[in-house]
Amino acid sequence: MKKETMNYFMAPLFFFVMLIDAHLTSTFISWSHDTYVWGVHLLLLLMLFSGNLLSKRYMILSALLIGSIFDLYYIGVLGIYAVALPLVIWLMYIMHEAIYQNILTRFFGMIILITSLELITAGIQVLFNLTAINGIFFVTRFLGPTLLINIIFFFVLYYPMKRLFEKK
């Protein structure tokens, strides 16, 4: 896909993938009978792969827009994902030179980005007294399953996404 065409199609694709993320997360949570929180982050994976071709400004503005829509539609409190998602995308561009080397660096970059996103969103919620988080619960019932499901999606989608977003 050419870079000029990507600019037109990526923002709607980000929105569509955000919807898929939310529905897959709900499905996995219901399958585990609300014992574990399986946070699917295909949007972050898509942004990781497309960040190699798209500009920093475009990606951060897209993350701000998608984060705001996510906040308004799913959470009802504007500011959690509207802050966290652009910060994580900014972090992705800070680590840009290290991330885009090979499968191993992209894998660990994805782990860092997902962990950062979850820590930032949890930190914002604790900061504004929206929730009280137990550290053991957060790591074992939330962060662990979230990383596990996203690792599986990473390895399933790595080669198709790499092929789609390779520089031409």
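Colleague: In which helix is the place of Pro145?

Modeller: This is a predicted model, in which local features need pLDDT of at least 70, side-chain atom pairs count only at pLDDT 80 or more, and totals for chains, interfaces and linings use all residues. Residues are numbered from 1 along each chain as its sequence is written, and side-chain values use heavy atoms, with hydrogens and water left out. Helices are DSSP runs of H or I with at least four residues, numbered from the N terminus. Pro145 lies within residues 135–164, that is, in helix α7.

Colleague: Is Pro145 buried or exposed?

Modeller: Buried means under 20% relative accessible area, and exposed over 50%, with partly exposed in between (1.4 Å probe, protein chains only). Because its relative accessibility is 7%, Pro145 counts as buried.

Colleague: Which residues does Pro145 touch, not counting those up to four places away in sequence?

Modeller: Contact requires heavy atoms within 4.5 Å. The C-alpha atoms of Pro145 and Val37 are 6.6 Å apart, although 108 residues separate them along the chain. With that sequence exclusion, Pro145 touches Tyr36, Val37, Trp38 and Thr140.

Colleague: Which residues have the most contacts inside the largest nonpolar core?

Modeller: A nonpolar core is a set of buried Ala, Val, Leu, Ile, Met, Phe, Trp, Tyr and Cys residues joined through side-chain atoms within 4.5 Å. The largest one has 53 residues, and those with the most contacts inside it are Phe14 and Met92.

Colleague: Which helix supplies the largest share of this core?

Modeller: At least two residues each come from α1, α2, α3, α4, α6 and α7. The largest share is nine residues, from α7.
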